[in-house]
Amino acid sequence: MSSNETNKDNKKKWVRNNNAKWPTDKSRTRLLWIPKQDILPLEYYSAGKQREGPIPVHPTWRVPTWIVLHSFPALFIQMLSYYLMPTLKWNVLFYGIFIFVYHAEYLVRLIRNLHYWINYYGVLDYANCGRDLPRDNEVFRLATDILIYDLVRTLGVIYMGGYDPNAPPTFGLIDGAVTLRTIIKMVVWFLTLDFFFYVYHRACHQVPFLWKIHYKHHMTKHPTPLQAILAGNMQELLEVAIIPFLATYFIPMNSYELWILMCTLVYVEALGHTGVRAYWGHPILNPILDPIGLALIVEDHDLHHRNGKSGLCFGKQSLIWDRLFNTVGERIECTTEKIAFKTK
C-alpha cells in the first residue's frame with residue numbers, strides 16, 4: 001500500500017474510531033500544534049490485546065532526574081546571564097516572557113517523555129477500551145486552555161514567589177535562593193496543596209451544583225496527558241490558580257522554588273492522565289509515602305475518571321486525605337500480587 005493510501009486509511013480510522021477529525025485537519029495546523037503533540041499512535045484509541053506479565057514498577061529516580069535536567073536550565077541561563085553581565089538585571093516583564101516560553105517548550109518535552117513511557121509500558125484497561133481523543137468541538141478550547149494554563153502558572157511564579165530581579169538563583173552557594181531545605185518545603189507544599197485539592201475535588205463530586213463545574217473534565221473516561229487541562233472556566237480558575245495560591249500562602253516559596261514546583265506539578269498532573277500501565281506515582285512524595293501505603297499511583301486517578309461522578313481517590317498528590325476520610329478506591333490491575341516489585 002502506498003503512503004498516500006495509508007494516510008487516507010488512517011484518516012478514515014480516526015473518524016470512525018474517535019469521531020474526531022481535527023488530528024488530520026491541516027487547515028489549522030498552527031493553532032492546534034500543541035494539542036497535536038498529545039496524539040498517540042492510532043492503536044491506542046481502540047481496545048486491543050492487553051500486555052501480559054506483572055505490572056512493572058517505574059524506577060523512582062527517573063522522574064526527579066528528568067525534571068531537574070529539563071527545568072533547571074532555565075535557572076542556569078539566568079544565573080549565567082547575571083554572572084556574565086552583572087549590571088543587566090532581568091526585570092519582571094523579561095523574566096515573565098522567558099519562563100512563559102520556556103514552560104511551554106517544557107510542556108511539549110514532557111508530553112513526548114510520557115508518550116515514550118506509554119509506548120514502553122502500554123496502557124491500563126486496554127483490553128476493554130482505548131484512550132480518548134478530545135472532540136472536535138473541544139479541541140480549540142483545549143488549545144487556548146493550554147496557553148492560559150501556561151500564563152497563569154507563569155504569573156504565579158512571579159507574583160506568589162515575589163520575584164526580585166536583584167536576587168538571581170544561586171542554588172544556596174551565596175544567598176540561599178535554592179537550598180536543600182527546599183526539598184522539605186516542597187514535600188510540605190505538595191501535601192498542603194493536596195489537602196485543599198481534596199476538599200474542593202470531593203465537594204465537586206458530592207455537591208450537585210459543584211458537579212456542574214467539574215463534569216466537563218469527566219467527559220473523558222480514558223484521558224491522555226494534555227486532557228488534564230481540559231475543563232470549564234470555574235474549574236480552571238480553582239485548580240490552576242486559587243488552590244496553588246492557597247498552598248503558597250501557607251507554605252511561602254520564593255520564585256525559583258516555585259518554578260521547580262510548577263515544573264514538578266505539571267508533570268504530576270499530566271502523568272495522572274496517561275493511564276500508563278505501570279506502578280508509578282508522585283516523583284517527590286511516593287518514596288516517602290509508598291512504604292506506609294499512602295502513595296497515589298496512576299491507576300488511582302485513571303479509575304477515578306472511568307467511574308465518573310461516583311469516582312473515589314479525590315487527592316491528586318497522595319492518598320493521605322483519601323485514607324483519612326475513607327475515600328480510597330479499589331485498584332484493579334495494580335494490586336500487590338500483580339506488581340513486579342523486584343524490579344523496583
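**Helix packing and buried charges**

Helix α3 passes helix α4 in a right-handed crossing. This is a predicted model, so every position described here comes from prediction. Start with these two helices. α3 covers residues 62-84, and its axis comes within 11 Å of the axis of α4. The two axes cross at roughly 160 degrees. Angles over 145 degrees count as roughly antiparallel, so α3 is roughly antiparallel to α4.

Now look at the side of α3 that meets α4. Arg 62, Trp 66, Ile 67, His 70, Ser 71, Pro 73, Ala 74, Ile 77 and Gln 78 make the contact from α3. From α4 come Tyr 95, Phe 98, Tyr 102, Tyr 106, Arg 109, Leu 110, Asn 113 and Trp 117. Sorted by class, the contact of α3 with α4 holds eleven nonpolar, four polar and two charged residues.

Stay with α4, but turn to another partner. Helix α4 spans residues 92-121, and helix α9 spans residues 255-271. Their axes come within 11 Å and cross at roughly 30 degrees. Angles under 35 degrees count as roughly parallel, so α4 runs roughly parallel to α9. The crossing of α4 and α9 is right-handed. On the α4 side, the contact is made by Tyr 95, Ile 99, Tyr 102, His 103, Tyr 106, Leu 107, Leu 110, Asn 113 and Leu 114. On the α9 side, the residues include Tyr 256, Trp 259, Met 262, Val 266, Tyr 267 and Leu 271. The contact of α4 with α9 has 15 nonpolar residues, four polar ones and no charged ones.

α4 also holds a charged pair. Glu 105 and Arg 109 form a salt bridge, with their closest N and O atoms 2.4 Å apart. Why are these two separated by about one helical turn? They are four residues apart in helix α4, and that is about one turn. Glu 105 has 38% relative accessibility, so it counts as partly exposed. Its partner Arg 109 also belongs to the contact of α3 with α4.

Helix α6 covers residues 181-206, and helix α8 covers residues 233-250. Their axes come within 9 Å and cross at roughly 140 degrees. α6 and α8 are therefore oblique to each other. Here too the crossing is right-handed, as α6 passes α8. α6 makes the contact with Trp 189, Thr 192, Leu 193, Phe 196, Phe 197 and Tyr 200. α8 contributes residues including Gln 235, Leu 238, Glu 239, Ile 243, Pro 244 and Phe 250. The contact of α6 with α8 divides into eleven nonpolar, three polar and one charged residues.

Next come the other salt bridges. How many salt bridges does a search of the whole structure find? The search finds nine. One joins the side chains of Arg 131 and Asp 302, at 2.7 Å from N to O. Arg 131 sits in the loop between α4 and α5, while Asp 302 sits in helix α11, so the pair ties together parts that are 171 residues apart in sequence. Are Arg 131 and Asp 302 buried or exposed? Both are buried.

Arg 306 and Asp 302 both lie in helix α11, four residues apart, or about one turn. Arg 306 is buried as well.

His 273 is in the loop between α9 and α10. With 0% relative accessibility, His 273 counts as buried.

Val 298 is found in helix α11. It has a relative accessible area of 3%, so Val 298 is buried. Val 298 and Arg 131 are 167 residues apart along the chain, and their C-alpha atoms are separated by 14 Å. Leaving aside neighbours within four places in sequence, Val 298 is in contact with Leu 124, Leu 271, Gly 272, Thr 274, Gly 275, Val 276 and Trp 280. One of these, Leu 271, also takes part in the contact of α4 with α9.

Note on methods:
Residues numbered from 1 in each chain as written. Predicted model: local features only at pLDDT ≥ 70, side-chain atom pairs only at ≥ 80, totals over all residues. Heavy atoms only, no water. Axes fitted to C-alpha atoms, helices over the stretch in contact; angles between N-to-C directions. Parallel < 35°, antiparallel > 145°, perpendicular 65-115°, else oblique. Left-handed = near helix turned anticlockwise from the far one by under 90°. Contact = heavy atoms within 4.5 Å. Nonpolar A, V, L, I, M, F, W, Y, C, P; charged D, E, K, R; others polar. Salt bridge = Lys/Arg side-chain N within 4 Å of Asp/Glu carboxyl O. Buried < 20%, exposed > 50% of the residue type's maximum accessible area, 1.4 Å probe, protein only.
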